[in-house]
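Please look at the sequence and the structure shown here before reading on. The paragraphs below go through the structure part by part.

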Amino acid sequence: MGRRKKGRDISGWVVIDKPAGITSTSVVNKVRWAFDAKKAGHAGTLDPDATGVLAVALGEATKTVPFVTDAMKAYRFTVRLGQSTNTDDAEGEVLSESETRPSDNEIEAALPALTGEIIQVPPKFSAVKIDGQRAYKLARDGEEVELTARPLFVESLVLVERPDPDHVTLEMVCGKGGYVRSIARDLGEALGCFGHVRELRRTWSGPFDVEDGVTLEELDAVAKTDAIMEFLGPLEIGLVDLPELPTTESGAVKLRNGNPGMVIGTGVQYGDEAWASLNGQAVAVGRYKAGELHPSRVFNTN
């Protein structure tokens, strides 16, 4: 007989203002422990030295993670000009240096080439898999890592501050799969001066904003008490980018059994992805077809 999972059946979203010096996986484990939850996951990894929004899903909310992962995200980051590193951030070994320091105008002139639909090569020290192995593990072992370029949509990339000649602070809004470290590296190369990320903070991710985030210290202070529920947002937050279609009691029963159920399809087209709700609570996600939702994910909540 398999070992039974410990923890509570609790579902919802927790927005963590992640500190530097800890992995995203460690944050998820801390949140799961604090809520005594059976299941937890996150919507988009942050590097250990990065800070800001890390949205953690508990229980049935983990089924909505893909919709948040696919959403737009915003970052504020500082690039150290004049140096490239093997990790494309400040933790790496310096590979090249330059005395060249571009002007603000030169930096701003280089940003449009990194905006819109671009092709980006991930950092060698990243979680991208090569023949089943993580790139960062191969790189740490000294193996030569060749990563394939991949498309990325950058909605905006702007210069917001130039604290000194060696540093420039930028803000970027981008789609799924963007590496800020690659942006810093490519900007430095375009300017002929090299560059790497010195500081990185994710300010929002889909529906989650850093202003609504809780620190690990705040969470720890109320861990495993009723007071911690103040920091738990509803499962439905992860579905805000999908149309909501109300269903009936009988429709909900069918959907929960994995069968198509009747919904009120206002403002949706045949084949659109949407979610069915009963009294405002999520029942299922699926495709709308001729007055019914055909479920792909069903939420097992009371």
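**A walk through the chain**

Asp36 is partly exposed, with a relative accessible area of 32%. This residue is found in the loop between helix H1 (24-35) and strand E2 (40-42). Although Asp36 is not a glycine, its phi is positive, at about 55 degrees. These values, like the others below, are computed from a predicted model.

The chain as a whole comes next. It has 302 residues, and 47% of them count as buried. There are 7 helices and 18 strands. Taken along the principal axes, the C-alpha atoms fill a box of roughly 70 × 45 × 40 Å. Among contacts between residues at least 6 apart in sequence, 67% join residues at least 24 apart.

In soluble globular proteins, nonpolar side chains tend to be buried together. The largest nonpolar core in this model holds 27 residues, and those that touch the most other members are Tyr75, Phe77, Leu157, Leu170 and Met172. Several elements give two or more residues to this core: strand E4 (73-81), helix H3 (104-110), strand E10 (150-164), strand E11 (167-174), helix H5 (180-191) and strand E12 (195-205). The most comes from H5, which supplies 5 residues. Apart from this core lies another, of 20 residues, including Phe35, Ala37, Val214 and Leu219.

Leaving out residues up to four places away in sequence, Leu170 touches Tyr75, Arg76, Phe77, Val79, Leu111, Leu157, Val158, Leu159, Val160 and Leu187.

Two further buried residues sit in strands. Ser205 has its place in strand E12. Its relative accessible area is 2%, under the 20% limit, so Ser205 counts as buried. Not counting residues up to four places away in sequence, Ser205 touches Ala43, Val53, Val68, Met72 and Lys73. Ala57 lies in strand E3 (residues 51-58) and is buried, with a relative accessible area of 0%. Ala57 and Val15 are 42 residues apart in sequence, while their C-alpha atoms are 8.8 Å apart in space.

Another part of the chain forms a sheet. Strands of a sheet pair through backbone hydrogen bonds, either parallel or antiparallel. Here 5 strands make an open sheet with mixed pairing, in the order E14-E16-E17-E18-E15. Strand E14 (244-246) and strand E15 (261-262) stand at the edges with a single partner strand each, so one side of each has no neighbour in the sheet.

E14 and strand E16 (residues 273-278) run parallel and are joined by 3 bridges. Across this pair, Glu244 stands opposite Trp275 in E16. E16 then pairs with strand E17 (residues 281-289) in the antiparallel sense, over 6 bridges. Within this pairing, Glu273 has Arg287 in E17 as its bridge partner. E16 and E17 form a hairpin with 2 residues between them, and Asn279 in the turn has a positive phi of about 55 degrees.

Ala284 stands opposite Val298 in E18. These two strands also form a hairpin, again with 2 residues between them. Ala290, found in the loop between E17 and E18, has a positive phi of about 50 degrees although it is not a glycine. Its relative accessibility is 66%, over the 50% limit, so Ala290 counts as exposed.

Empty space can be traced as well as atoms. Rolling a probe the size of a water molecule over the atoms shows where empty space is left. How much space lies in the second largest pocket? The volume is about 360 Å³. This pocket is lined by 20 residues, and those nearest its centre are Ile10, Ser11, Glu60, Leu235 and Thr301. By class, the lining of the second largest pocket has 5 nonpolar, 8 polar and 7 charged residues.

Notes: Residues numbered from 1 in each chain as written. Predicted model: local features only at pLDDT ≥ 70, side-chain atom pairs only at ≥ 80, totals over all residues. Heavy atoms only, no water. 1 Å grid on protein atoms, 1.4 Å probe; cavity = no way out; pocket = protein on both sides within 12 Å on 5 of 7 lines; lining within 4 Å. Points joined across faces, edges and corners; volume = space filled by probe spheres on them. Nonpolar A, V, L, I, M, F, W, Y, C, P; charged D, E, K, R; others polar. Core = buried A, V, L, I, M, F, W, Y, C linked by side-chain atoms within 4.5 Å. Buried < 20%, exposed > 50% of the residue type's maximum accessible area, 1.4 Å probe, protein only. Helix = DSSP H or I, 4+ residues; strand = E, 2+ residues; numbered from the N terminus. Contact = heavy atoms within 4.5 Å. Pairing = 2+ DSSP bridges.
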